Amino acid sequence: MSLREVQPEPVVGICAVRDRARWSFWDQDAHLVADSYLGFIQRAGAIAVLLPVDARAPQTLLDRIDALLLIGGPDVDPATFGAVPEPGLEGTNRERDEFEVAMLRGAIARGLPVLAICRGMQILNAAMGGTLIQDLVGPDGRHPHRPIIGTFDGTDHLVELAPGSLVASASGEEVTTAHCHHHQAIDRVGDGLVVSARDHDGVIEAIEAADGRWILGVQWHPEAYEASRLFQALCDAAAERLAGAAAEQPAGAALTAPSSTPR
């Protein structure tokens, strides 16, 4: 029996958004992940698992996943990167910030592949000691990377990716179509990270691990671009890591271990 025949699908943990939501007869707080993210992960052949915000930031969650995905959301609290609020700062959620920082640091320590999108990239940068621009405003006083709140309409633009970078390899191209919706941006780059893409106005569009590990942050929203290959690349990296772990187990262990055994 081949490894492929016994190898389980990789599990991608997605840090969820805690927000007010309405469905059926209910209007209450909920943990949410947009279907656009889930669809890409599932079509890539992986299992998507939602990680709800938990003040305990339980590291055991990371023992049960093979990759970590951070998604978009509200502003990052300046306290997360050692700053004070500035004019233009919008709604924040410190508990979510702390949870995601803890998950990121734990995932990196375990060697899990990480994809961080928009706010997620900003959290990645903060988790590694970097800082953020709290309100990115153009010369006309408007937000050039979020012209209309709640839509990607009119934001598509081309971004050049550094040749030989992880983001270029994962995207399968050196110029990608980007859809953005943000008014915060990376200022000082975090330790161990390098810039692998910038917009035409100098705004950082992608960061990744300087040592070549599968740790990638993008400022745009690949889930809004049907042709994006980033989610497939993340799932492939997770499957490769999972296969490597299975190969290190004693013969037959993968077949006899109970399903409740930590991953």
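Q: At what angle do helix 3 and helix 4 pack, and how far apart are their axes?

A: Helix 3 (residues 94-110) and helix 4 (residues 119-127) pack at about 70 degrees, and their axes are 9 Å apart. Each axis is a line fitted to C-alpha atoms, for helices over the stretch in contact, and the angle runs from 0 to 180 degrees between N-to-C directions. Helices here are DSSP runs (H or I, at least four residues) and strands are too (E, at least two), numbered from the N terminus. Keep in mind that this is a predicted model: local features need pLDDT of at least 70, side-chain atom pairs count only at pLDDT 80 or more, and totals for chains, interfaces and linings use all residues. Residues are numbered from 1 along each chain as its sequence is written, and side-chain values use heavy atoms, with hydrogens and water left out.

Q: What do I call that arrangement of helix 3 and helix 4, parallel or perpendicular?

A: Go by the ranges: under 35 degrees is roughly parallel, over 145 roughly antiparallel, 65 to 115 roughly perpendicular, and the rest oblique. Helix 3 and helix 4 are therefore roughly perpendicular to each other.

Q: Is the crossing of helix 3 and helix 4 left-handed or right-handed?

A: The idea is to compare the near helix with the far one: turned anticlockwise by less than a right angle, the crossing is left-handed; if clockwise, right-handed. Helix 3 passes helix 4 in a right-handed crossing.

Q: Which residues make the contact?

A: Contact means heavy atoms within 4.5 Å. From helix 3 you get Arg 96, Asp 97, Glu 100, Val 101, Leu 104, Arg 105 and Ile 108, and from helix 4 Arg 119, Ile 123, Leu 124, Ala 126 and Ala 127. By class, that is 7 nonpolar, no polar and 5 charged residues. The classes are simple: Ala, Val, Leu, Ile, Met, Phe, Trp, Tyr, Cys and Pro are nonpolar, Asp, Glu, Lys and Arg are charged, and the others, Gly among them, are polar.

Q: Where does Thr 80 sit, and what does Thr 80 touch?

A: Thr 80 is in the loop between strand 5 and helix 3. Its relative accessibility is 18%, so Thr 80 counts as buried. Not counting residues up to four places away in sequence, Thr 80 touches Arg 94, Asp 97, Val 101 and Ala 126. Thr 80 and Ala 126 are 46 residues apart in sequence, yet 6.6 Å apart C-alpha to C-alpha. Side chain to side chain, Thr 80 also makes a polar contact with Asp 97 (3.1 Å). A polar contact is a pair of N or O atoms within 3.5 Å; within protein, one must be able to donate a hydrogen and the other to accept it, and residues adjacent in sequence count only if both atoms are side-chain atoms.

Q: What does the side chain of Asp 75 pair with?

A: The partner is the side chain of His 183, in a polar contact of 2.8 Å. Asp 75 lies in the loop between strand 5 (67-70) and helix 3, and at 6% relative accessibility Asp 75 counts as buried. Beyond four places in sequence, its contacts include Arg 119 and Gln 184.

Key: Buried < 20%, exposed > 50% of the residue type's maximum accessible area, 1.4 Å probe, protein only.
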